[in-house]
Amino acid sequence: MEKTVRMGETEVVLRASAGVLVVYKEQFGSEYINDLAELKENEDNERAIDIGGKLIWAMAKAHDDKTPPPVEFYEEVGSFDMGAVFAEAADLFDRSCEGIKEISDSDGSEQLTAEELVTSALLCKMTVNDLNKMSLAMVINIISDYCAIKSGEGITREATQRDFDNF
């Protein structure tokens, strides 16, 4: 999913994909999910601006690998309404998470880290580039289905009339 947003006089394309989590973690050293959870707990306006700026940059970088480092990026963009653009970016990223199947977690942790996401994707024969092309929901659902197939659970679906006719 992509969306073009206006940041001052500049139009910037933001991409919401599983790759955003990897870009965010690699650049800023923290998990976006953890930063967002912290923000929801404390509702600190200064921290919201910081996290919003990081998310916007990571989504721009996911769209265009030639996006300059954060400081240069924001110097080029100039002044804009951070709250409005962050709201658009967060909404777009949230929509990329819609439809995530319920998955069981064997190690008891509650969250998937960027490293675990990449490792799981690579085990499923995806590339890191694939992560940047697919929504987070799609990547997690593919990983979940792959694990189910490998464990012998398989994927079940309701038979159609065509299935019965072929039988």
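The model is predicted: local features need pLDDT of at least 70, side-chain atom pairs count only at pLDDT 80 or more, and totals for chains, interfaces and linings use all residues. Residues are numbered from 1 along each chain as its sequence is written, and side-chain values use heavy atoms, without hydrogens or water. The chain holds 9 helices and 2 strands. Helices (H or I, at least four residues) and strands (E, at least two) are DSSP runs, numbered from the N terminus.

**Overall layout**

- Starting at the N terminus, the order of elements is β-β-α-α-α-α-α-α-α-α-α.
- Along the principal axes, the C-alpha atoms fill a box of roughly 65 × 35 × 25 Å.
- The chain has 167 residues, and 40% of them count as buried. Buried means under 20% relative accessible area, exposed means over 50%, and partly exposed lies in between (1.4 Å probe, protein chains only).
- Take the contacts (heavy atoms within 4.5 Å) between residues at least 6 apart in sequence: 64% of these join residues at least 24 apart.

**Surface and charge**

- The accessible surface is about 10,400 Å², and carbon and sulfur atoms hold 50% of it. Areas come from the Shrake-Rupley method with a 1.4 Å probe; for residues, only the protein chains shown count as cover.
- There are 16 positive and 34 negative charges, and their mean positions lie 8 Å apart. Lys and Arg count as positive, Asp and Glu as negative; His and the chain ends are not counted. Each charge is placed at NZ of Lys, CZ of Arg, CG of Asp or CD of Glu.

**The nonpolar core**

- The largest nonpolar core has 44 residues. Such a core is a set of buried Ala, Val, Leu, Ile, Met, Phe, Trp, Tyr and Cys residues joined through side-chain atoms within 4.5 Å.
- Met7, Leu14, Tyr32, Ile56 and Met59 have the most contacts inside this core.
- Helix H3 (residues 45-63) gives the most to the core, with 9 residues.

**Methionine 59**

- Methionine 59 sits in helix H3. Methionine 59 counts as buried because its relative accessibility is 0%.
- Beyond its neighbours within four places in sequence, methionine 59 contacts Val13, Leu14, Arg15, Ala16, Val20, Ala89, Leu92 and Phe93.
- Phenylalanine 93 is 34 residues away along the chain, yet the two C-alpha atoms are 8.7 Å apart.

**Valine 12**

- Valine 12 belongs to strand E2 (residues 10-15). Its relative accessible area is 7%, so valine 12 is buried.
- Leaving out residues up to four places away in sequence, valine 12 touches Lys3, Thr4, Val5, Met7, Ala60, Phe73 and Val77.

**Helix H1**

- Helix H1 (residues 19-28) is mostly covered, with 7 of its 10 residues buried.
- The buried ones are Gly19, Val20, Leu21, Val22, Val23, Tyr24 and Lys25.

**Asparagine 132**

- Asparagine 132 lies in helix H7 (residues 128-133). This residue is buried because its relative accessible area is 15%.
- The side chains of asparagine 132 and serine 17 form a polar contact of 2.9 Å. A polar contact is a pair of N or O atoms within 3.5 Å; within protein, one must be able to donate a hydrogen and the other to accept it, and residues adjacent in sequence count only if both atoms are side-chain atoms.
- Setting aside neighbours within four places in sequence, asparagine 132 is in contact with Arg15, Ser17, Gly19 and Ala62.
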